[in-house]
Amino acid sequence: MTTATRATRLRSAMPFWLSLGLIPLIVLAAAYGGWALILPPLGTWWLYSALDAILGLNEDNPDTETDDDQLFWYRLITMIWFPVQFCVIYGTIWYATHGAPLATWEKIVLFFDVGIVSGTVGIVYAHELLHQRNRLERWLGDLLLASVLYSHFRTEHLLVHHVHVGTPRDAVTARYNEGFHRYFLRVLHQCPRSAWRAEAAMQARRGRSPFHRSNPFWRYAALQIGALALALAIGGWAGLGLFLVQAFSAIWQLELTNYVEHYGLTRRHLGGGKYEHVLPRHSWNASHTASNWLLINLQRHSDHHYKPARRFPLLQTYAEDEAPQLPFGYPMMTLAAMVPPLWRRVMNPRVRAWRRQHYPDIEDWTAYKRGTTPLPA
C-alpha cells in the first residue's frame, strides 16, 4: 500500500473522528460550570443539525465489497472509544467529588452532559461493535454498554429487535400514535424481560438451564456491578449517584433514537406468526451528512436492518421509493419526539403516505395492531 493510499483512506475516515471534539466540551463544562454546561448539547444536537442544514444530504454509496483492511481508520475510532469514555466518566466523577468548585445542580447537569457523550457516541459505537464477529470488538461493545448499565441491549438488539422489527413482538418498534414518553417507560419495562427470554430460549435449544454459566447475563451483571463499584470507590455515594445520572441520560438518548428509527412502520403479517422479510422500507432512512458523521452512519438504518453485518462505512442509502425518509437528521428528530403533538404532526402524515405507497391494499390498519390478523396478500 502506498503512502498516498494510506493518506487518502485516513482523510476519508476523519469526519467520523469529529466525535472526539466532545471531550474538550466536557472538560470546559467541568472546569467552568454555569454557562459552559450548555456546550455539550450545543456541540451535538445543535451544531450537527446546523451542519446538516449547510451540507445537505450525502447520497453516495460506497463499494460494499471493500475489504476490512481498507477500513482500518474507520474501525479504529470505535475501538478506542471505550478507554476514552472510561476516562471521561470516571475522571469526571473523581473531579466532581474531590473539591470541584461546582454547586450540586451543576454537578448533576455536568453528568447529564457526560451522558450525552456516552449515549450519543458510546452506545452508538457499542451498537457497531456488538454486530461484529471478532471477540475484541464485541468485548469493547460489552464494556461500553456496562458503563451505562444497559448490557441487556446486546441480547435484545441481536436476538429480538433484528428478528422481530416491525412486528408486535418487537418492543423497540414504536407504535403509530405512541408518544415517546409512554414508549420510554414501556421499553424500560419490556426489553430486559424480552432479552432474558431470548437468552433462556437459546440455552434451552442447547439443552441447558437459563442459569448456565454460558448465559451472557452473568457477564452483563458482573460488568455492571464492576462499573458501579468503581464509581462508588472513586467518588463515594455522591460519585455513585452521579454515575447513575450519566447512565440514565445515555439510556434516554438511546431510546429516543430507537423511537425515531421505526416509528409506525410495520412488516406484512403472512399468517401463522410469520412476517415478510425485513426490507429497507421497514426503517426510516436519513442521508444527512453531518449527523451521519456523528452517528457513524446509523441514520442509514434501512440498510443496517437489510444487511446487519455490513460495517458502518459501507452502509448504503436509499431513494424515497425504496425507504421512507426522515425530514431531518436524528438530532432534530429526537428533539421533536420529546414533544408528542409536534412529533405526530411531522411524522403521522409520513407514516400514512408510507402505508399507501407500500401496502395500498390495506384499508383497516387497526385490525393488524396486535398482529393477530394477517394483512391481505
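**View 1. Met333 is a buried residue of the predicted model.** Its relative accessible area is 1%, under the 20% limit for burial. Met333 belongs to helix 12, which spans residues 330-337. Beyond its neighbours within four places in sequence, Met333 is in contact with Val260, Leu326, Pro327, Phe328, Trp343, Val346 and Met347. Ala126 sits 207 residues away from Met333 along the chain. The C-alpha atoms of this pair are separated by 22 Å.

**View 2. Helix 4 packs against helix 5.** Helix 4 covers residues 72-97, and helix 5 covers residues 104-130. The packing angle is about 165°, and the axes lie 10 Å apart. Helix 4 is therefore roughly antiparallel to helix 5, as the angle is over 145 degrees. The crossing of helix 4 past helix 5 is left-handed.

**View 3. Side by side, the residues that join helix 4 and helix 5 in contact.** Helix 4 contributes Ile77, Thr78, Met79, Trp81, Gln85, Val88, Ile89, Thr92, Ile93 and Ala96. From helix 5 come Lys107, Leu110, Phe111, Val114, Val117, Ser118, Val121, Gly122, Tyr125, Glu128 and Leu129. By class, this contact has 14 nonpolar, 5 polar and 2 charged residues.

**View 4. Cys87 is exposed, whereas Cys191 is buried.** The relative accessible area of Cys87 is 53%, over the 50% limit for exposure. For Cys191 the value is 2%, under the 20% limit for burial. A disulfide links the sulfur atoms of two cysteines by a covalent bond. The search of the whole structure finds 0 disulfides.

Conventions. Residues are numbered from 1 along each chain as its sequence is written. This is a predicted model: local features need pLDDT of at least 70, side-chain atom pairs count only at pLDDT 80 or more; totals for chains, interfaces and linings use all residues. Side-chain values use heavy atoms; hydrogens and water are left out. Axes are lines fitted to C-alpha atoms, for helices over the stretch in contact, and angles run from 0 to 180 degrees between N-to-C directions. Helices (H or I, at least four residues) and strands (E, at least two) are DSSP runs, numbered from the N terminus. Angles under 35 degrees count as roughly parallel, over 145 as roughly antiparallel, 65 to 115 as roughly perpendicular and the rest as oblique. A crossing is left-handed if the near helix is turned anticlockwise from the far one by less than a right angle, and right-handed if clockwise. Contact means heavy atoms within 4.5 Å. Ala, Val, Leu, Ile, Met, Phe, Trp, Tyr, Cys and Pro count as nonpolar, Asp, Glu, Lys and Arg as charged, and the others, Gly among them, as polar. Buried means under 20% relative accessible area, exposed over 50%, partly exposed in between (1.4 Å probe, protein chains only). A disulfide is a pair of cysteine sulfur atoms within 2.5 Å.
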